[in-house]
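Have a look at the model below before reading on. The notes after it walk through helices, a loop and pockets.

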Amino acid sequence: MSRFLELLLLVFAHPLSWVTGFFARLPGPHFLVQAVIHFYFVRYKKADLTEIEKPVSSYRSVLDFFTRRLKPVMRPIAPEPYYVISTADGRISSFGPIVKGKLFQA
C-alpha cells in the first residue's frame with residue numbers, strides 16, 4: 001500500500017466509520033429504514049430473509065437489521081475442536097504467516 005493511501009486511511013477511516021455508525025443507529029422514518037434494508041441489504045447484498053428471527057418490518061434502524069438475530073437452527077456450532085468458529089458470517093479470503101511483526105488484516 002502506498003504511503004499516500006495509508007495517510008488517507010489514517011485521516012478519513014475513523015471519521016467515516018463514525019458517521020456511518022451514527023446514521024445506522026438512527027431510528028429513522030420507518031419507510032426510509034425499510035427502503036434501505038430492502039434495496040441495499042436484500043437486493044444488493046442478497047441477505048437471506050428466511051434465516052431471520054423477526055420480520056423485516058420490525059427493525060427500527062439499519063443497525064437493528066445489521067445486527068439481527070437468526071433463527072436458532074440456522075448456524076449450528078461445529079462440535080469438532082479443530083474448526084475455526086466466527087461470530088459473524090464471512091469468508092476467509094487470505095491467510096498466511098506473520099512476517100517481521102506484520103500481518104494482513106481485512
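This is a predicted model: local features need pLDDT of at least 70, side-chain atom pairs count only at pLDDT 80 or more; totals for chains, interfaces and linings use all residues.

Residues are numbered from 1 along each chain as its sequence is written, and side-chain values use heavy atoms, with hydrogens and water left out.

**Helices**

Helices here are DSSP runs of H or I with at least four residues, numbered from the N terminus (strands are runs of E, at least two). The expected span of a helix is 1.5 Å times one less than its number of residues.

| Helix | Residues | End-to-end C-alpha distance | Expected span |
|---|---|---|---|
| α2 | 15 residues | 20 Å | 21 Å |

Still, α1 (3–25) bends by about 40° at Phe-12, and Pro-15 follows within four residues. That bend is the angle between axes fitted to the seven residues ending at a residue and the seven starting there.

On α2, the buried residues are Val-33, Gln-34, Ile-37, Phe-41 and Val-42, and they pack against α3. Buried means under 20% relative accessible area, exposed means over 50%, and partly exposed is in between (1.4 Å probe, protein chains only).

Just after α2 comes Lys-46, with a positive phi of about 60°. Lys-46 is not a glycine. Most residues other than glycine have a negative phi. Lys-46 counts as exposed because its relative accessibility is 64%.

Further along the loop between α2 (30–44) and α3 (62–66) sits Tyr-59. Is Tyr-59 buried or exposed? Tyr-59 is at 3% relative accessibility, so it counts as buried. Leaving out residues up to four places away in sequence, its contacts include Val-33, Gln-34 and Ile-37, as well as Asp-64 and Phe-65; contact means heavy atoms within 4.5 Å.

**Pockets**

On a 1 Å grid over the protein atoms alone, a pocket is an open set of points with protein on both sides within 12 Å along at least five of seven lines; a cavity is a set where a 1.4 Å probe fits but cannot get out, and lining residues have an atom within 4 Å of a point. Points are joined across faces, edges and corners, and a volume is the space filled by probe spheres set on them.

The largest pocket has a volume of about 1,200 Å³. Of its 30 lining residues, Arg-75, Thr-87, Ala-88, Asp-89 and Gly-90 are the closest to its centre. The lining divides into 15 nonpolar, four polar and 11 charged residues, where Ala, Val, Leu, Ile, Met, Phe, Trp, Tyr, Cys and Pro count as nonpolar, Asp, Glu, Lys and Arg as charged, and the others, Gly among them, as polar.

The second largest pocket comes in at about 260 Å³. Its lining has 13 residues, with Phe-23, Ala-24, Val-36, Val-62 and Leu-63 nearest the centre. Elements giving two or more residues to this lining are α1, α2 and α3, and α2 has the largest share, four residues. By class, the second largest pocket is lined by 11 nonpolar, two polar and no charged residues.
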